[in-house]
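Colleague: Hello! Please take me through this one, a strand or a helix at a time.

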Amino acid sequence: MEFFKPGVTYDFFRYRWPFIFTSLGLTTLSLLSLFWPGPRFGIDFKGGTEVELQCQGAVSSSDLRDAVLSLGFGHPDVIAVQGVKDRYILRLEQISSLPAAQVAKARAALGTTMGAANVLDFAPSPGGDKLSIHLAVPASADQIRSALVGAGLNVRDVSQFGNSEDTRFEAHLVGIGDKLVKGLRDKLGDRAPERPLRVEWVGPKAGAQLRDAAVNAVLYTIAFVMVYIAFRFDLRFAPGGVVALLHDALITLGVYVVLQREVTLGTIAAVLTVIGFSISDTIVVYDRIRENMARMRDASLAHVINVSTSQTLGRTVITSGMALISVLGFFIWGTTLIRDITFALCVGFLVGTYSSIYVAAPLTEWIDRRFFRRA
Amino acid sequence: MDKGWYFRFSLMVFVTVFGWLVLWPSLDAWLPVPAPVRKYFTGRISPGLDIRGGLRLTYDVEVDEAVSDRRNLRSDQITRELGERLGVVAKGSTPTRDELAKVHARVQRKNDGERRIRVQFTSAADASKLDRDLVTRYGDLREVSRSETEVVLEVKTDFLEQIRDTAVQQARETIENRVDGLGMREASVTAQNTDIIVEVPGADQATFDRIREIISKTAKLEFEIVDDEASVLDGLTDLPKGVTRHSEFASAGVSKPQVSSSYLLARGKDARKTLLDYVDKLKAEHRIPEDHELLIGDAERASDEDVQLKTEPAFRTYYLFARAEVTGQAIEDAFVANDSQQGGKPYVAINFNSEGADLFKELTGRNVKRRMAIVLDDVVASAPVIQTEIGGGHCQVTLGGFRPYNEILNEARDLVVVLKAGALPVPIRPSNEQMIGPSLGKDGVAQGVKGFAVSFLIVLGFMAVYYEVGGMIADVMVILHLMFLLATLAFFDGTLSLPGVVAVALNMGMAVDANVLINERIREELRGGKSPRVAVEQGFARAFSSIFDSQITTLVAGVVLFQYGTGPIKAFAVTLIFGICTSLFTGVFCSRIAFDLIVRGLRVQRLRVG
């Protein structure tokens, strides 16, 4: 079985300009998309809300996930607590939002009751569902509660915090956990949890440190790959391979950002994979060009590229096709998170295959013409 | 077939069998492993948190401790400055012990709650030295009240939150570094208000114990000078049963080489607890002066002649000046070394950073011929006499001696991990433990497995149809590759989480690619009219440079990612690196064996590669 007739040379090079412009356009758009709308970072990177729930009837993790998804909470992590039936920890991207203006208003309201100078501390939690209050004078929880409710806050309860002579209070606001439970009651009926066992803001698993490490690692990778290509092949080949690699990584990220899919640790792995795929695909085409350059000394580099690309076309299509098929299963059956990652991989594999032919090769040819032939 | 082929074939069979044996224990749940295999092959792949779940530990960070630490720091700084203003301490110099004693005679400090200090003066004139300028110098202090001879200061409210947050963040980073130091890259450490949450994949109790142990260690390393001239312990009349008073001759400075010094000792099974309870009681009743500390340590290492304590555990007290002179923050590096003089007993060697080295030199120089206690987490590890000023910034910590070699070695190793990761800024307390399921959800994992299985079968089927015999060989190689890759992961006790699975998918793609390249080349050679035997030979030779270069470039990328990446990036890189090695082995070495068997062993006239 054969997809391409052997011995036929397709004139890839003739049609390069439209493709080069498309690539330039897509890369520029991807770069821009990183600033606007900007990546939508998931819980891994920016934290979120963690809610622990005890369902009152049998609920499977997929039931719960579907219910939460249909409530419009984005993709949650649904973690079953082992040993307790139907107890789950959910991690949601959303956090209860508490606008600064409202915080200021509430603080002022409390100030009128207590005396503005007596409100020592009035800080909302990062998750926006808790206020830490420190007063200089003793007060009752009810006084604080009515002041906050008066300012338009949706207060669940106010409690004293720490030892009794310490005049610290915590006001819990009706937030995302309550909203979630209310929504679940509509979806799951009797089986829904009665109330959230605990609602807490969780910090990011991977902060700026990991993101910087990822960017640094990729930049170093590019540098070393460039050196390796220059050493194994030729100086003219190096920029093409690296530009193709950047092109693929950027476009993959760009598509991801434009569709506003959640960027997780898995996305980082996917982009790294695309980089790996892109390098190896480009090198295979390069290897053929190198081989044919030695055999066809009189031919122009453009012709050599055409011949080489045509010869490797069968392999290119099979390998990329197999790679696509191998992640397609995840895409069809996976849950949302896995689907996002495989989606990135599919985009990356397609772009990676294309870029070897229309980014790496033309750039190599141009560098050859511009810097090497004149001498 | 020639000899070389048989050799290669046996090597392949050997590696395959070995790979299977390494991998088998990881598949125990589906294919029970016979005992001998289990005994010799202990490595296992542990599925990550997202795939199998694990243990979730919650710790409370005692943030108030951070506030009182700040208060104590300011208290010391103010005392020192007051010493200068009172003309007792020379400007800009580190005050000596005698100078500090003179300051304390005129300025007493009392702690009040966790944020306040009451500074009491013997004369009103001295009190005026603590002026507004000194209070506001540090930005985070404010004056609460002032009388003739007493000034009350406290840490400003605005700074409390910041101090607490910083403490939580530092504690989180420290724990993360420690967990990383254990090689548990897949564990996750997050902060949640004043809690720290550590999630450890897997279900292995021994690992969990080790994690708990290493997290709960405060790893506060301090060097404090023993006060051998005090007589506080001599006055104690209520020693509980089992605690006895002893005296020893100790060196308390160059001019006093032989002073008699008292200490308390307890022996037997509950010795530690008995002695600790009594010491805590003394502390609670304020019978130990505030500038001193009574700590306990192992009694075996005491230079004590009249007590022979080789067989039963015994603990003794040390009476110390309470200020930590050099702390663990000064550590540059720590490693386990063996003491050849004591029968190879492991100890921990420490190198200080330049600041630490200076402090250590100053401390030892100032206290020559005194005893210096090396205190780890409030327990005295040893208390050697300083013979001379110690420059160079090296120091050793020896570990408790009643236990077998391996136990000491493990403790030394864990100590190195925690010392390198740094001390926790404040103590933490375990508050909750839960076993949790996979974060992808059980359904997510099941569907992922289904997706993988279907894709895998389609790829295998397509290869066999498209490349016929060559495709079937490729299929065998791809399966072998998957097995070797997983076996390598098992051998190194790797963790497989979602990023790892993605890396495995990439590797599968590269393994397929190697076979595609070979088959395509053989096809080309066959089309050129070559015999199967020659076509295979040349096909491999030609394909090799593509395979080699593309895989090596990816390997370069993998190594760089490993070098500069952290956490999940590293895990991804490791899988990638292993995968390239195994795909080179199966794709080039093993598939050649199979092709050779067909074209040279079976001498086929027509090689069917589609």
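**Strands, helices and chains**

Colleague: How many bridges join β3(A) to strand β4 (residues 87–92) of chain A?
Modeller: These two run antiparallel; strands here are DSSP E runs of at least two residues, helices are H or I runs of at least four, and both are numbered from the N terminus. Two strands count as paired if DSSP finds at least two bridges between them. The number of bridges joining β3(A) to β4(A) is four.

Colleague: Before we go on, at what pLDDT do side-chain atom pairs count?
Modeller: Residues are numbered from 1 along each chain as its sequence is written, while chains are lettered from A and ligands numbered from 1 in the order in which they are written. This is a predicted model, in which totals for chains, interfaces and linings use all residues, local features need pLDDT of at least 70, and side-chain atom pairs count only at pLDDT 80 or more.

Colleague: Back to the sheet: which strands stand at its edges, each with a single partner strand?
Modeller: The open sheet has four antiparallel strands of chain A, in the order β3-β4-β2-β9. Each edge strand has a single partner, so one side of it is left without a neighbour in the sheet. The edge strands are β3 (77–80) and β9 (198–202) of chain A.

Colleague: And what angle does the direction of helix α3 (residues 61–70) of chain A make with that of β3(A)?
Modeller: Neighbouring strands of the sheet β3-β4-β2-β9 (chain A) are turned by 20° against each other on average, direction ignored. Axes are lines fitted to C-alpha atoms, for helices over the stretch in contact, with angles from 0 to 180 degrees between N-to-C directions. Helix α3(A) packs on the sheet and touches β3 and β4 of chain A, contact meaning C-beta atoms, placed from the backbone, within 7 Å. The direction of α3(A) makes with that of β3(A) an angle of about 150°.

Colleague: In the sheet β5-β6-β8-β7 (chain A), by how much are neighbouring strands turned against each other on average?
Modeller: This open sheet has four strands, paired antiparallel. The edge strands, β5 and β7 (155–161) of chain A, each pair on one side only. Direction ignored, its neighbouring strands are turned on average by 15°.

Colleague: Which residue is the bridge partner of V158(A) in β8(A)?
Modeller: β7(A) pairs with strand β8 (residues 168–173) of chain A in the antiparallel sense, over six bridges. Within β8(A), the partner of V158(A) is A171(A).

Colleague: By how much does α10(A) bend at L313(A)?
Modeller: Helix α10 (residues 301–333) of chain A has 33 residues and reaches 45 Å from first C-alpha to last, close to the 48 Å expected. At L313(A), α10(A) bends by about 50°.

Colleague: Where is P37(A) found?
Modeller: Most peptide bonds are trans. The bond joining W36(A) and P37(A) is cis, with omega about 5°. P37(A) sits in the loop between α1 and β1 (40–41) of chain A.

Colleague: Which element gives the most to the side of chain B that touches chain A?
Modeller: The contact takes 65 residues from chain B and 73 residues from chain A. Elements giving two or more residues to the chain B side include α7 (157–181), α12 and α14 (532–564) of chain B. The one that gives the most, with 16 residues, is α13(B).

Colleague: Last one: over which residues of chain B does pLDDT stay under 50?
Modeller: The mean pLDDT (the predictor's confidence in each residue, from 0 to 100) of chain B is 84, with 94% of its residues at 70 or more. Where pLDDT is low, the predicted coordinates should not be read in detail. One stretch of chain B has three contacts beyond four places in sequence and pLDDT under 50: residues 301–306.

How values were computed
Two residues are in contact if their C-beta atoms, placed from the backbone, lie within 7 Å. The expected span of a helix is 1.5 Å times one less than its number of residues. The bend at a residue is the angle between axes fitted to the seven residues ending there and the seven starting there.
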